[in-house]
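Hi,

Here is the structure I said I would pass on. Have a look at it first, and then read my notes below.

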There are 2 protein chains.
Amino acid sequence: MAQHLNRRVILSERATGLPTPKLFSIVEDDVPSPSVGEVLLNNIYVTADPGMKGWISMARNYASVETGTTMHSFSVGVVVESKHPNVAEGDVVAANTGWAEYAVADPERQTFRKVDPEAAPLSTALGVLGINGFTAYFGLLSVGQPKPGDTVVVSTAAGAVGSAVGQIAKIKGCRTVGIAGGPEKIALCTEIFGFDAAIDYKATGDLDAAIRAACPEGIDVYFDNVGGETLDIVLGQVNLHGRVVICGTAATDAWIPQPSGLRPERNLLVNRIKMEGVLTFDFADRYNEAHADLSEWLRDGNIRYREDIVDGLENAPAALAGLYEGRNMGRQLIRVRPDPFL
Amino acid sequence: MAQHLNRRVILSERATGLPTPKLFSIVEDDVPSPSVGEVLLNNIYVTADPGMKGWISMARNYASVETGTTMHSFSVGVVVESKHPNVAEGDVVAANTGWAEYAVADPERQTFRKVDPEAAPLSTALGVLGINGFTAYFGLLSVGQPKPGDTVVVSTAAGAVGSAVGQIAKIKGCRTVGIAGGPEKIALCTEIFGFDAAIDYKATGDLDAAIRAACPEGIDVYFDNVGGETLDIVLGQVNLHGRVVICGTAATDAWIPQPSGLRPERNLLVNRIKMEGVLTFDFADRYNEAHADLSEWLRDGNIRYREDIVDGLENAPAALAGLYEGRNMGRQLIRVRPDPFL
């Protein structure tokens with residue numbers, strides 16, 4: 001592949017607040033060569049994820065990106081060269097190769113997964129049949145443990161994870177209440193994703209009262225993608241033995257210095273609430289189970305999804321920044337080159 | 001029993017801060033009569049518990065006491081009149097009859113339990129073989145889920161619950177680190193209760209550094225009886241998939257208005273920590289299991305305990321206030337009348 005140049009987006013500078021495009025640079029260099037056991041991928045889609053805020057911040061986390069290296073990202077692409085016995089040229093795979101046209105991947109890593117591009121649109125491998133769907137599935141079912149009749153509240157309810165959580169909770173017989181910002185997202189929640197009620201946190205002057213009105217029997221499961229004041233408010237309404245799934249912290253722009261909020265421990269104690277962080281990667285050995293269930297629900301029309309796709313790798317940093325302004329109306333993807341399976 | 005007057009302590013006024021004796025009054029009235037299915041108890045010991053702060057505060061909780069009624073309390077006493085077919089006069093029972101010399105109890109309630117006064121000192125039914133031991137047992141084993149080699153940190157480590165937690169954790173093969181206030185309690189932790197290390201939070205200028213030094217491999221289980229800043233600090237040192245057992249909030253004097261602290265959600269997410277409130281009563285159907293294990297450990301010398309006993313029901317309010325000044329050096333009991341089994 002030495003005849004091509006490879007474009008990729010590197011992190012130039014760590015973020016002290018929300019991600020902005022100027023933290024990133026585009027570089028062009030040689031297409032890399034796979035070593036024995038590795039494969040070379042030509043990407044079709046990469047992603048912009050809310051969690052990336054943490055990956056590039058000064059406070060280190062589970063997926064911190066070093067400056068000068070390719071920005072981490074989930075990806076789907078086609079194998080163009082294989083030095084692994086079980087992977088063939090032409091295989092379509094989901095991986096996490098970063099914001100790059102070409103990238104080397106190690107098929108032995110848990111995030112490497114073959115995808116059938118005929119079974120569903122390829123982009124869903126990065127959304128409802130990939131990281132977002134799996135996050136919703138394991139976070140809700142394993143940590144949230146919803147029971148029929150439970151009231152399940154979800155923040156960023158119109159988002160890729162939140163919308164899947166709401167729909168899985170409905171499938172499990174729960175009453176679902178979404179929290180989102182702006183009339184378009186509220187309409188998505190109730191008209192597309194089937195939430196029983198949706199609260200526009202930007203339009204209500206009293207979020208506590210609005211949630212109370214939407215949850216007259218209290219909250220059994222809170223699937224939280226935002227943290228912050230919304231979490232503080234919800235914790236005061238969680239029922240005895242309720243479960244709070246901590247999946248994201250979108251409401252907090254930066255964690256250095258660590259911000260303050262209402263102390264949670266009394267609510268946890270008095271109502272014996274479980275609050276637990278969830279990361280999909282911990283469930284990698286059960287991805288097949290999630291994929292099978294989600295595929296069936298998708299085929300049967302019980303799960304719907306929205307995508308927001310921008311073209312061109314160079315637009316990835318702006319797409320990422322846009323997430324935090326709430327501009328996207330669905331799973332934010334970056335199409336690196338035309339999707340050959342459309 | 002109409003020939004006796006009954007002395008009891010009632011709550012006169014709800015607390016806005018820490019309990020003080022003037023919130024309580026002593027009243028004398030007739031000894032009550034049991035209805036069909038009930039029994040009359042003549043108490044020997046009642047208790048002063050850290051959790052009582054919450055029972056009498058303006059913010060309602062699981063055991064709120066109404067003003068004008070007998071202060072809630074755990075108790076052991078002798079049955080002096082029975083109208084229940086399975087309970088006989090002379091039976092010794094643990095119950096929660098409140099701060100009273102005589103009280104009617106319903107044996108069908110989960111907190112009513114016959115005690116063998118020959119098997120262990122009667123007072124242990126209110127401590128290591130009762131509410132404190134059970135709290136430690138279920139909180140640590142069911143919620144904390146310690147594994148051999150884990151580092152287990154305990155706050156109020158010299159207290160009735162904390163000391164049992166530390167010793168059960170040692171039995172389960174863990175390394176134990178206690179946090180307590182003052183040299184006497186630190187000595188109890190390391191010399192009597194077998195903690196591998198103990199931190200005097202009153203003597204250290206940098207609790208974060210002191211905990212880090214005592215837990216070089218991080219913290220796997222935090223059994224928390226205090227909340228507040230200690231919880232904030234510990235959360236920053238909890239390992240991947242660590243467990244935080246919320247058992248008490250002794251560090252916070254009042255919850256109206258709800259105080260602020262460092263936001264926990266990022267630590268929970270990045271390290272996938274579980275933080276869960278625990279209340280012993282939820283495990284009432286497993287008390288026999290806890291009692292059997294704790295009795296064996298007590299007989300074998302693997303669990304030790306300390307008691308701090310004051311004589312006279314009239315001294316119960318002062319004993320309660322003393323808890324929050326850290327004055328007691330063991331399970332705080334009030335001896336209502338001479339213990340006939342000593």
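**Notes on the chain pairing and the domains**

Between chain A and chain B, 22 residue pairs are in polar contact, counting pairs with both residues at pLDDT 80 or more. Please keep in mind that this is a predicted model. Its scores are ipTM 0.91 and pTM 0.92. For chain A the mean pLDDT is 95, with 99% of the residues at 70 or more.

Staying with the two chains for now: 39 residues of chain A touch 39 residues of chain B, going by contact. Together the chains bury about 3400 Å², and carbon and sulfur atoms account for 58% of that. There are also four salt bridges between chain A and chain B. One of the salt bridges joins the side chains of Arg272(A) and Asp282(B), at 2.7 Å from N to O.

Then there is the nonpolar side of things. Which residues touch the most other members of the largest nonpolar core? They are Val244(A), Met275(A), Val244(B) and Met275(B), in a core of 44 residues. Leaving out neighbours within four places in sequence, Met275(B) is in contact with Pro264(A), Leu268(A), Ile273(A), Lys274(A) and Met275(A) from chain A. From chain B, the contacts of Met275(B) are Leu231(B), Leu235(B), Val244(B), Ile246(B), Pro264(B) and Leu268(B).

Now for the inside of chain A. In chain A, 20 residues of domain 1 are in contact with 18 residues of domain 2, and the area buried between the two is about 1500 Å², 63% of it from carbon and sulfur atoms. Lys53(A), Arg306(A) and Met329(A) supply 33% of what domain 1 of chain A buries there, more than any other three residues.

How many salt bridges cross the interface of domain 1 and domain 2 in chain A? The rule finds zero. Polar contacts do turn up across that interface of chain A: six residue pairs, both residues at pLDDT 80 or more.

Cheers

Definitions and conventions: Residues numbered from 1 in each chain as written. Chains lettered and ligands numbered in written order. Heavy atoms only, no water. Core = buried A, V, L, I, M, F, W, Y, C linked by side-chain atoms within 4.5 Å. Buried < 20%, exposed > 50% of the residue type's maximum accessible area, 1.4 Å probe, protein only. Contact = heavy atoms within 4.5 Å. pLDDT = per-residue confidence, 0-100. Buried area = accessible area lost by both parts, 1.4 Å probe. Polar contact = N/O pair within 3.5 Å; in protein donor to acceptor, adjacent residues only side chain to side chain.
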